2 protein chains.
Amino acid sequence: MGHRGCVVWFTGLSGSGKSTVANLVDHLLWQRGAHSFLLDGDNVRHSLTAPPAALAEYGTAFAQRFGLGFSDEDRQENMRRVGAVCELFVQAGLITLVALVSPFRQDRQRIRQRIEALRPGDFFEVWVDAPLEVCEARDPKGFYRRARAGQLPQFTGISSPYEPPLAPELHLDSANHSPDQLAGQVMRLLEARGVFSVPPAARS
Amino acid sequence: MGHRGCVVWFTGLSGSGKSTVANLVDHLLWQRGAHSFLLDGDNVRHSLTAPPAALAEYGTAFAQRFGLGFSDEDRQENMRRVGAVCELFVQAGLITLVALVSPFRQDRQRIRQRIEALRPGDFFEVWVDAPLEVCEARDPKGFYRRARAGQLPQFTGISSPYEPPLAPELHLDSANHSPDQLAGQVMRLLEARGVFSVPPAARS
């Protein structure tokens, strides 16, 4: 496929632009002929890390035990499962993009360690950074409004902390650059780190 | 990549030859230029469906809640997580091979329904069938010996039931055919079902 398997992990506040940038990178990778896949809340919460209500057919005890909400423990398991899937995708040779708030440093660190144990140097933490005020003004899904109204408990940035990366592979200033510019920075990082073994192919 | 994403699910008793056949199919697919990945106990139990002991760093309560043993409930969740990963792999366009005992019909049926909802006709259940006596005589990992000695509780075929598929896409007679012959049958099934959109490419 002309590239190594690796994980590009986008972390940041809701509204920082993680999914937008990750989707652009996904498309740029496809244009290059690379094989990538994006894991985000939309496709992960649906099944792998489904909430209790989605597991009702298994019975209440099962749904309560394995379904995931937003407590610290549930968030840890959420991250652990996504990290486990990344291990499998990397072994399958894919450029695996993850776009999740992933607020806790320790959770990200644990995933980094497991991926690095499989593939040294193939975990790229990308901090999509915009001030809370900017994210809250964007509020693309209306989450901040609901969180301020007390309707979303433990909402990152409002009622639950966000722990910024201390040494991310890439720190994107999403308040002052366009998503296209930020996606370009990610592509240059992957190129600089030797992820690609062949020059860009034309595909449109 | 010249093919659709799909799931080929190998089910059968321990020692029936699931992993052997699945590995041969994986290699034949690679030779054809297809992109496949094999999920089996070895790579799944390590992280995605890890036992409580492997989660000790998260604390006892977490490990007991999310770690998986061999109770019916734990086996159900084991299958559910693997099924969720299959959904993601299929969406990524891979031919996803799964080799797990997967003894319960309902669990397999649930995974089939979810995959079929994404991709009608792209779930292939392959029953790798050999009589218990044959599997027990093979006993490649010594599991049957330990199960008969009472050292492995709830061991499928000995102290826990195996529910054979009622309408598998393929029923392999693994007592009377070589793994190479059986792998060839799987490849012919995938060809007949139109999984490949290009003729075989030479790759050695």
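Modeller: Helices α4(A) and α5(A) are roughly parallel to each other, because their axes cross at roughly 20° and angles under 35 degrees count as roughly parallel, over 145 as roughly antiparallel, 65 to 115 as roughly perpendicular and the rest as oblique. The model is predicted, so local features need pLDDT of at least 70 and side-chain atom pairs count only at pLDDT 80 or more, while totals for chains, interfaces and linings use all residues. Residues are numbered from 1 along each chain as its sequence is written, with chains lettered from A and ligands numbered from 1 in the order in which they are written.

Helix α4 of chain A covers residues 72–91 and helix α5 of chain A covers residues 105–118; helices (H or I, at least four residues) and strands (E, at least two) are DSSP runs, numbered from the N terminus. The two axes come within 10 Å; axes are lines fitted to C-alpha atoms, for helices over the stretch in contact, and angles run from 0 to 180 degrees between N-to-C directions. α4(A) passes α5(A) in a right-handed crossing (left-handed if the near helix is turned anticlockwise from the far one by less than a right angle, right-handed if clockwise).

Who does the touching? On the α4(A) side, the contact includes Q76(A), M79(A), G83(A) and C86(A), and facing them on α5(A) are residues including R110(A), I111(A), R114(A) and L118(A). Being in contact takes C-beta atoms, placed from the backbone, within 7 Å. Sorted by class, this contact has 6 nonpolar, 3 polar and 4 charged residues (Ala, Val, Leu, Ile, Met, Phe, Trp, Tyr, Cys and Pro are nonpolar, Asp, Glu, Lys and Arg charged, and the others, Gly among them, polar).

Now hop over to chain B. The same surface serves both of them, as 100% of the contact residues of chain B recur in chain A.

Between the chains, 21 residues of chain B are in contact with 21 residues of chain A. On chain B's side, β2 (36–40), α3 (60–66) and α4 (72–91) each supply at least two residues, and α4(B) gives the most, with 9. That side has 11 nonpolar, 4 polar and 6 charged residues.

What lies under these helices in chain B? There are 5 strands forming an open sheet in the order β2-β3-β1-β4-β5, with parallel pairing (two strands pair if DSSP finds at least two bridges between them). β2 and β5 (170–173) of chain B stand at the edges with a single partner strand each, so one side of each has no neighbour in the sheet. Neighbouring strands are turned by 20° against each other on average, direction ignored. α4(B) packs on this sheet, touching β1, β2 and β3 (95–99) of chain B, and its direction makes about 160° with that of β3(B). Helix α5 of chain B packs on the sheet too, touching β1 and β4 of chain B, at about 150° to the direction of β4(B).

Notes:
Two residues are in contact if their C-beta atoms, placed from the backbone, lie within 7 Å.
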